[in-house]
Amino acid sequence: MQLVVFVLASAMMLVGAVGVITRRNPVHAALSLVLTLFGVAVHFVALEAYFLAAVQIIVYAGAIVVLFLFVIMLLGVDKAEDLKTEPLVAQRWLAGVAALGLLGLLVVAVARGADILTTRSEGLDTAAPNAGGDANIQQLARSVFGDYVVAFELTSVLLVVAVVGTVMLTRKRAAGEA
Amino acid sequence: MLPRDLSSHVGAPSLRPMLDPALEGDLLWAPLVIVILKVLVVFVVGLVATMLMVWFERKVVAGMQNRIGPNKAGPYGLLQTLADGIKLFFKEDLLPRRSDRFVFALAPFLSFVPAFLSFAIIPLGGDYRDGNDGIVTWFGIETRVQLADPHVGVLFALAISSIAVYGIMLAGWSSGSKYPLLGSVRASAQMVSYEAALGLSLASVLLIAGTMSTSGIVGAQATLTDWNVVATGVVPFIIFLIAATAELNRPPFDLVEAEQELVGGFNTEYSSIRFALFYLAEFMNTVTMSALIVTLFFGGPQPISFNGFTLDIPFVPNALEGTVWLLLKVLVFLYTYVWFRATLPRLRYDQLMNFGWKVLIPASLAWFLLLAAQRLARDEGWNVFVTTAIAVVVLAGCYMLMQAAFAVSNKTRESQGAQF
């Protein structure tokens, strides 16, 4: 049963991921991305991380990709892009080299860490099996708002800075104003 | 610091068995049959409820406008929806030439399926009295009268409602026509904006209930004063009701299909069964959202009980009585939605956005922080009144700051020649 779920979810993710980069139409690519995100959510459910699964759907599929689609529709770039012209010379070569390098890194990392994948390391405590359904969420809350609260707050500051910066950049100022 | 023991709250909700007890342990035949039965019942009940809702809405609106409404098909026109549905089935299915075929065909299902999914987590009955926890026994198996009771129940509903936007958005885009596109761009902006207010007012309920499972939330609302509408202090309920109306794209927030401006809105190019699916999803969502409001704020299948006195329906077993109570409460909200539709004029687009971002989201966030402060004061043994007073003062300061920011921004825009 677990294997079936794993294979199906992984197939979903891979089909979606391939779709994102091969579909010419940006809207189709965004929809493929949604498929991938759902595959990840299924994996989370299979691993009994229900909260992460729900948040994955709400934040990524429900908000971020919706905003992608919104921008695509608003800007009217939902036509197949012309892939012949190159804005940056040799960017494809560089991208290819970078992708190969990344792939090599990943393969080496997985190969070297193979024993960690099979044996459980000393990480966060797992939820006790009979501790009630909210144990998972309580642990998450403790680590986000307790142990790592500074990092969490810094991230939110970063996001606010990004939002303010975007607003400042996009608003055209009349001549003569500071 | 966090309160050390999060489960020390009312009734220690995290200690109750969270999942449906029938689904724990090995998979046997009896639970499987029960689950399949539940799926069938939920699906059929959903469809029939939608059918009746369409009739109910038409009849009530007609009454409010001094008309008769549907009265030909069946007694009191009850079968009018069925007749319309059959008619739509046999109509020609048009496919616009400039449409995106695949997405155009996919969109109705993307809005239809989520409408049904969120029905799965709503407790439809069961006996929650005297610590019974809503568990009923069918064929010797203990279970709940709801299709699924996931740990993250309420978040599931939120996730489903956030996916529901895809159907409308893609329908408008894939039609390859400008009015539907305008409708769907409006829809996506509106639904994403009000989703935030919806989630924040929901957070207040979760804070009070101390659990996310829908059956746990219902279980914690035993008496009238425990009902979350009282326990969270009405404000989250009002915000939730408004935001839910906006999420449903129902009047007065139905800019998505503003007939006067957009021909028919996102579904202009749809016909036949695909149009029927959109129509069905819209009314199904209304029913589900009403049921969700009742579950979150009005005790779901719990009877009205106050100060040791419980309003009991005679001759009806307690487990069945829950369903009756739920039905009655849901009917009240269905009527409220119809009432909104018949009486409130549609908002303008900028009013909609201003209301969502500048009123609802700050208000729900402020109320959530206030409740959190009170909760923390109780857990740490501080004086609740002093803490509340300090929180109110701080929030008032935030409000002034926000008003000042609005004033500055309005002035800047006026100096740049904006008209509004």
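A residue is buried if 20 or more other C-beta atoms, placed from the backbone, lie within 10 Å of its own, exposed if 12 or fewer, and partly exposed in between. The model is predicted: local features need pLDDT of at least 70, side-chain atom pairs count only at pLDDT 80 or more, and totals for chains, interfaces and linings use all residues. Residues are numbered from 1 along each chain as its sequence is written, while chains are lettered from A and ligands numbered from 1 in the order in which they are written.

**Exercise 1.** Decide whether B:Gly167 is buried or exposed, and list its contacts.

*Solution.* Start with the location: B:Gly167 lies in helix 4 (residues 153-174) of chain B. Helices here are DSSP runs (H or I, at least four residues), as strands are (E, at least two), numbered from the N terminus. Next, count neighbours: 26 other C-beta atoms lie within 10 Å of B:Gly167, so this residue is buried. Last, leaving out residues up to four places away in sequence, B:Gly167 touches B:Ala107, B:Pro108, B:Leu110, B:Ser111 and B:Ala281. Contact requires C-beta atoms, placed from the backbone, within 7 Å.

**Exercise 2.** Check the span of helix 1 of chain B against its number of residues.

*Solution.* The expected span is 1.5 Å times one less than the number of residues. Helix 1 (residues 29-64) of chain B has 36 residues and should therefore span 52 Å; its end C-alpha atoms are 51 Å apart, which agrees. Among its buried residues are B:Trp55 and B:Phe56. After the helix comes B:Asn66, with a positive phi near 60°.

**Exercise 3.** Describe how helix 12 and helix 13 of chain B are arranged.

*Solution.* Two packed helices are described by the angle between their axes and the distance between the axes. The axes of helix 12 (residues 349-380) of chain B and helix 13 (residues 384-415) of chain B come within 9 Å and cross at roughly 160°. Angles over 145 degrees count as roughly antiparallel, so helix 12 and helix 13 of chain B are roughly antiparallel to each other. Residues of helix 12 of chain B that meet helix 13 of chain B include B:Leu369, B:Leu370 and B:Ala373. On the side of helix 13 of chain B, B:Ala391 and B:Leu395 are among the residues involved.

**Exercise 4.** State the helix count and the confidence of chain A.

*Solution.* Chain A has 7 helices and 0 strands. Its average pLDDT (the predictor's confidence in each residue, from 0 to 100) is 81, and 79% of the residues score at least 70. Among the elements of chain A, helix 5 (residues 114-118) has the lowest mean pLDDT (70) and helix 7 (residues 149-170) the highest (91).

Technical notes:
Axes are lines fitted to C-alpha atoms, for helices over the stretch in contact, and angles run from 0 to 180 degrees between N-to-C directions. Angles under 35 degrees count as roughly parallel, over 145 as roughly antiparallel, 65 to 115 as roughly perpendicular and the rest as oblique. Two residues are in contact if their C-beta atoms, placed from the backbone, lie within 7 Å.
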